[in-house]
Amino acid sequence: MARRARDYDEDDVRVRPSRRGSRPRTRIRPAHEDAVEGFVVAVDRGRYRCLVEDRTVTAMRARELGRKGVVVGDRVALVGDVSGRPDTLARIVRVEPRGSTLRRTADDTDPFERIIVANADQLAIVTALADPEPRPRLIDRQLVAAYDAGMHPLLVLTKADLADPDALLAEYASLGVPAFVTQRGGDLAGLRDLLRGQITVLVGHSGVGKSTLVNALVPDAERAVSHVNAVTGRGRHTSSSALALELPDGEGWIIDTPGVRSFGLAHVRPENVINAFEDLAEGAAERCPPHCDHLQSECGLDSWVADGHASQGRLDSLRRLLRSREGEAD
Ligand SMILES: Nc1nc2c(ncn2[C@@H]2O[C@H](COP(=O)(O)OP(=O)(O)OP(=O)(O)O)[C@@H](O)[C@H]2O)c(=O)[nH]1
């Protein structure tokens, strides 16, 4: 979807050379030398819940941030009352540059494509093996969103007590995406290994068992959610916002995304997807015409595969992902 003026932020500004030399774009800002660092764990109605050392501080955006958005996962600089005591409010004066940005598409209730999480390392795509049935097209779209965001994807297949995972695993084998299979009450040690030291966003549509998983991974999750609600005054956790939860023993973070149904893929460039396929990216650089979308006959990847540099399965998977950008979001 075309971006509107209000979606642009500071990162998009291009400074035009001027005859009078370069002038600062904005007025000089106060240095805020006393600012402390925070990590945004929840956002709701203009209030930002930030972790500062070992305490949580509620903050608002300082006016000087302009249109710059603040999202879960952002690392921010805070001033004002950063004590974290009840009824205190700090101010966010700076958002540090982001390592990755996960975007969600426009939907019926919100016409704008928005960044929902910043700085996450992994995208855990949670899919039930049955009840509800897996939706491979949705999985493909989520994989593309992960690659585009600069995140590593991870498949988490739930409800293995209801259906065999082998067929679905085989479908994704050539992508080389790590997969973890679980069932009700299953041992999550293998999943914890995959999450250790990472910031992982969990996505999955309703009923796949994501809440069950979050509660098993973070025994304190319910309390964290109700705490956010107490701060923001909501009866329950806002259906479309994200919430970062720390894994026990500081072993990493998971970010739950209730209500995130789809990802906008219109902005995705094929290069961002193919870069996740090292064996094919090399062939694309050598043999494809500029701006090749890898779906037309001029694509050089067929000969690259024919010459034995990569497998047909990998190329087929790449093309399936590239095609998943077309059409309506699931
Ligand atoms: N058989 C089986 N059922 C499961 C498993 N995991 C979760 N469930 C059940 O599936 C249903 C949905 O689980 P939730 O954890 O609420 O799913 P969710 O993805 O959070 O769904 P929403 O709350 O709608 O977003 C519940 O009735 C769970 O008890 C599993 O591994 N096997």
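These legends describe a predicted model in several close-up views.

Figure 1. Residues are numbered from 1 along each chain as its sequence is written. In this predicted model, local features need pLDDT of at least 70, side-chain atom pairs count only at pLDDT 80 or more, and totals for chains, interfaces and linings use all residues. The protein has 9 helices and 13 strands. These are DSSP runs, numbered from the N terminus: helices are H or I with at least four residues, strands are E with at least two. Of the 330 residues, 36% are buried. A residue is buried if 20 or more other C-beta atoms lie within 10 Å of its own, exposed if 12 or fewer, and partly exposed in between, with C-beta atoms placed from the backbone. Among contacts with a separation of 6 or more, 65% join residues 24 or more positions apart. Two residues are in contact if their C-beta atoms, placed from the backbone, lie within 7 Å.

**Figure 2. The shell around the ligand.** The ligand is surrounded by 14 residues. The closest are Ser206, Gly209, Lys210, Ser211 and Thr212. A residue is counted here if its C-beta atom, placed from the backbone, lies within 6 Å of the molecule. By class, the shell holds 2 nonpolar, 8 polar and 4 charged residues. Ala, Val, Leu, Ile, Met, Phe, Trp, Tyr, Cys and Pro count as nonpolar, Asp, Glu, Lys and Arg as charged, and the others, Gly among them, as polar. Helix α4 (residues 210-217) gives the most to this shell, with 3 residues.

**Figure 3. Gly209 and helix α4.** Gly209 sits in the loop between β11 (198-203) and α4. Gly209 counts as buried because 21 other C-beta atoms lie within 10 Å. Beyond four places in sequence, Gly209 is in contact with Val126, Ala128, Thr158 and Lys159. Lys159 is 50 residues from Gly209 in sequence, yet their C-alpha atoms are 7.9 Å apart. In α4 itself, Lys210, Leu213, Val214 and Leu217 are buried. Seen down the axis of α4, they fall within an arc of 100°, so they line one face of the helix. The arc is that of the directions from the helix axis to the C-beta atoms.

**Figure 4. Ile254 in strand β13.** Ile254 belongs to β13 (residues 252-256). Ile254 is buried because it has 23 C-beta neighbours inside 10 Å. Its contacts beyond four places in sequence include Val214 and Leu217, two of the buried residues of α4. Leu195, Thr200, Leu202, Val218, Leu245 and Leu247 are also in contact with Ile254.

Figure 5. Helix α9 (residues 312-323) has 12 residues, so at 1.5 Å a residue it should span 16 Å. The expected span is 1.5 Å times one less than the number of residues. The end C-alpha atoms are 16 Å apart, which agrees. Leu315, Ser317, Leu318 and Leu321 are buried. They cover an arc of only 160° around the axis, which puts them on the same side of α9. These buried residues pack against α1 (136-149), α6 (270-274), α7 (278-287) and α8 (301-306). On the other side of α9, Gln312, Gly313 and Asp316 are exposed.

**Figure 6. Confidence in the model.** pLDDT is the predictor's confidence in each residue, from 0 to 100. The protein's mean pLDDT is 84, and 81% of its residues reach 70 or more. Over residues 1-6, pLDDT stays under 50. Residues 234-239 also stay under 50. Where pLDDT is low, the predicted coordinates should not be read in detail.
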